[in-house]
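This report is an introduction for a reader who meets the structure for the first time. It begins with one residue and its surroundings and then widens to the rest of the chain.

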Amino acid sequence: MFKNSFFLGLVAGLASTLACYIYSSFYYSMIVDFSEAVNLKTILAGCFGFSMLAVVIRYGIKQLIKNDRFAEVSVNFIISMLSIGLVFYLLNANDPQFENEDAQLMVDFYKGFVMPMLSFPALAWFTFIPLFTRK
């Protein structure tokens, strides 16, 4: 069971990392470079780290709850709530100060840039979970 969870975390982590990389690269090159506040390495580590945290949560919940369906729903609920909680945390955070003048002029768009990436790991997790669960 841990093996399935671990591989699910790896695949979801890689997929969300790739999605975050493509999204942020497009944003940095086409709109504005917010890499002073959130550099690419931080984004990628966060996406992959979230997926690996989900592995630990899934394994722990499955050890505590023996009903597979209820355990999966519980795990998915926790992952969803973590993503939503991160959005509210970001909304409550102060805007960063940028040395780059272009980025400072666009600071109002910073939170809008980061928010979609907060859901990428959960979306990747939910996308790939059918590949690793038995029916």
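## Arg-58 and its surroundings

Leaving aside residues up to four places away in sequence, Arg-58 touches Asn-4, Ser-5, Leu-8, Glu-72, Val-75, Trp-125, Ile-129, Phe-132 and Thr-133. The structure shown is a predicted model. Arg-58 lies in helix H2. Is Arg-58 buried or exposed? Its relative accessible area is 3%, and because buried means under 20%, Arg-58 counts as buried.

Between Arg-58 and Leu-131 there are 15 Å in space, taken from C-alpha to C-alpha, although the two are 73 residues apart in sequence.

## Overall architecture

The protein contains five helices and zero strands. Read from the N terminus on, its elements follow the order α-α-α-α-α. Along the principal axes, the C-alpha atoms fill a box of roughly 55 × 25 × 15 Å.

Of the 135 residues, 37% count as buried. The accessible surface comes to about 8300 Å², and carbon and sulfur atoms account for 67% of it. Among contacts between residues at least 6 apart in sequence, 76% join residues at least 24 apart.

## Helix H2

The helix that holds Arg-58 deserves a description of its own. H2 has 25 residues, and the distance from its first C-alpha to its last is 36 Å, close to the 36 Å expected at 1.5 Å a residue. At the start of H2, a side-chain oxygen of Asn-39 comes to within 3.3 Å of the backbone nitrogen of Lys-41.

Which residues of H2 are buried? They are Ile-43, Cys-47, Phe-50, Ser-51, Met-52, Ala-54, Val-55, Ile-57, Arg-58, Ile-61 and Lys-62. An α-helix has 3.6 residues a turn, so residues three or four places apart point the same way. The buried residues of H2 pack against helix H1 (2-30), H3 and H5.

## The salt-bridge network

How many salt bridges does a search of the whole structure find? The search finds four. Arg-58, Lys-62, Asp-68 and Glu-72 are linked in a network of salt bridges.

## Lys-111 and its partners

A further salt bridge joins the side chains of Asp-95 and Lys-111, at 3.7 Å from N to O. This pair also links distant parts of the chain, since Asp-95 lies in the loop between H3 and helix H4 (101-105), while Lys-111 lies in helix H5 (residues 110-132), 16 residues apart.

A polar atom of its side chain lies 2.7 Å from the backbone oxygen of Ala-93. Not counting residues up to four places away in sequence, Lys-111 touches Leu-90, Leu-91, Ala-93 and Asp-95.

Which residues make the nonpolar surface patch? Met-1, Phe-2, Phe-6, Phe-7 and Tyr-59 form it, and the patch covers about 460 Å². H1 supplies the largest share of the patch, three residues.

Phe-6, one of the patch residues, has its place in helix H1. Its relative accessible area is 32%, and Phe-6 is therefore partly exposed.

Methods
Residues are numbered from 1 along each chain as its sequence is written. This is a predicted model: local features need pLDDT of at least 70, side-chain atom pairs count only at pLDDT 80 or more; totals for chains, interfaces and linings use all residues. Side-chain values use heavy atoms; hydrogens and water are left out. Helices (H or I, at least four residues) and strands (E, at least two) are DSSP runs, numbered from the N terminus. The expected span of a helix is 1.5 Å times one less than its number of residues. Buried means under 20% relative accessible area, exposed over 50%, partly exposed in between (1.4 Å probe, protein chains only). Contact means heavy atoms within 4.5 Å. A polar contact is a pair of N or O atoms within 3.5 Å; within protein, one must be able to donate a hydrogen and the other to accept it, and residues adjacent in sequence count only if both atoms are side-chain atoms. Patches are made of residues with over 30% relative accessible area and no salt bridge: like charges are joined within 9 Å, nonpolar side chains (Val, Leu, Ile, Met, Phe, Trp, Tyr) within 5 Å. Accessible areas come from the Shrake-Rupley method with a 1.4 Å probe; for residues, only the protein chains shown count as cover.
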